[in-house]
Amino acid sequence: MKFLDEAKVYLKAGDGGDGVVAFRREKYIEFGGPDGGNGGRGGNVLAQAVEGLNTLIDYRYAQHFKARKGGNGAGSDRTGAASDDVILKVPVGTVILADDKETVLADLTQPGQTAILCRGGDGGHGNAHFKTSTNRAPRRADKGYPGEERWVWLRLKLIADAGLVGLPNAGKSTFLAASSAARPKIADYPFTTLHPQLGVVRLNATEEFVLADIPGLIEGAHEGAGLGDRFLGHIERCAVLLHLIDGTQADPVEAYRTVRAELEGYGGGLSEKPEIVALNKMDAMTPQARTSRVKALARALGKEPLLISGATGAGVPEALRALADTIYKAREKT
């Protein structure tokens, strides 16, 4: 299934049904009178978060959603039928924005959570509504009120506990495959990962968390370079970031600062999140290079980085334990 994390759709709630003008006329009934009923309510347009979805591909081609008009009133004080609601089923974690792409209309973070995006119009009054002691035969009936309509943006932000960041080819996909049952594409060239991947990490029978891998960042990503920063929204909900640095490159400190600059340029609170830094690919480094690069990173960070190898699994359990402990502390605060 193709991954799609953003879609624009048009929504139109149903108009209210019309009220009617009617009078009671029955044989042997001496006094009649107005008995025109009211119109029914138009259908609403709602969004509902459901489990089992992880993409907005359903809204790639179906982009217009309209609810039906309410039924018209009828004689004998009969009210028109209300129309059914139109429900857009979206993945958990979907944010619904107004047409300006800034105003948040709803943020659906729990399965079953719903939000009304457009309200249906109320039905118009029939002439029975307008009868008074001085106006016993009104011939007035109102049209139904129009339903709301708007364009909205659906933007998916995956629900994950921890996120992987780093330059392209830092070994993020390899780490995800080594720590979970996810099987992302792994190859020896940059930008192998073209869209976010999720994996469930199970430390033991009672401890688990969701790890998200996003495409690599390069310098200028927040200005659109490479794949840009459009996928950073998928780690906005994470409690902690694991920053992987390729240990085989000559200057790991510069790699670290490049990614940190892009996180700060993006905003969204990513630069303030707890961060665990790990020097990856320790199996491909000589002992001398390993020592010098760990010391250089330690000076820049003010603390020792983790030393891991996603390919051999060395140091991976320690990194996962550090992630889990940070996640549990964040959950306790909330």
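Biologist: By class, what's in the lining of the largest cavity?
Modeller: Seven nonpolar, three polar and one charged residues. Nonpolar means Ala, Val, Leu, Ile, Met, Phe, Trp, Tyr, Cys or Pro, charged means Asp, Glu, Lys or Arg, and the others, Gly among them, are polar. This is a predicted model, where local features need pLDDT of at least 70 and side-chain atom pairs 80 or more, while totals for chains, interfaces and linings use all residues. Residues are numbered from 1 along each chain, and side-chain values use heavy atoms, without hydrogens or water.

Biologist: Which residues line the largest cavity?
Modeller: Gly166, Leu167, Ala170, His243, Leu244, Ile245, Asp246, Gln249, Ala255, Tyr256 and Val259. A cavity here is a set of points on a 1 Å grid where a 1.4 Å probe fits but cannot get out, and lining residues have an atom within 4 Å of a point.

Biologist: What's the volume of the largest cavity?
Modeller: About 30 Å³, counted as the space filled by probe spheres set on the joined grid points.

Biologist: Which element gives the largest share of that lining?
Modeller: β14, with four residues. Both β14 (240-246) and α2 give two or more; these are DSSP runs, at least four residues for helices (H or I) and at least two for strands (E).

Biologist: New topic: how is the chain divided into domains?
Modeller: Domain 1 covers 6-156 and domain 2 covers 162-333, with bounds from an automatic or database assignment. Their centres, taken over C-alpha atoms, are 48 Å apart.

How values were computed
On a 1 Å grid over the protein atoms alone, a cavity is a set of points where a 1.4 Å probe fits but cannot get out, and a pocket is an open set with protein on both sides within 12 Å along at least five of seven lines; lining residues have an atom within 4 Å of a point.
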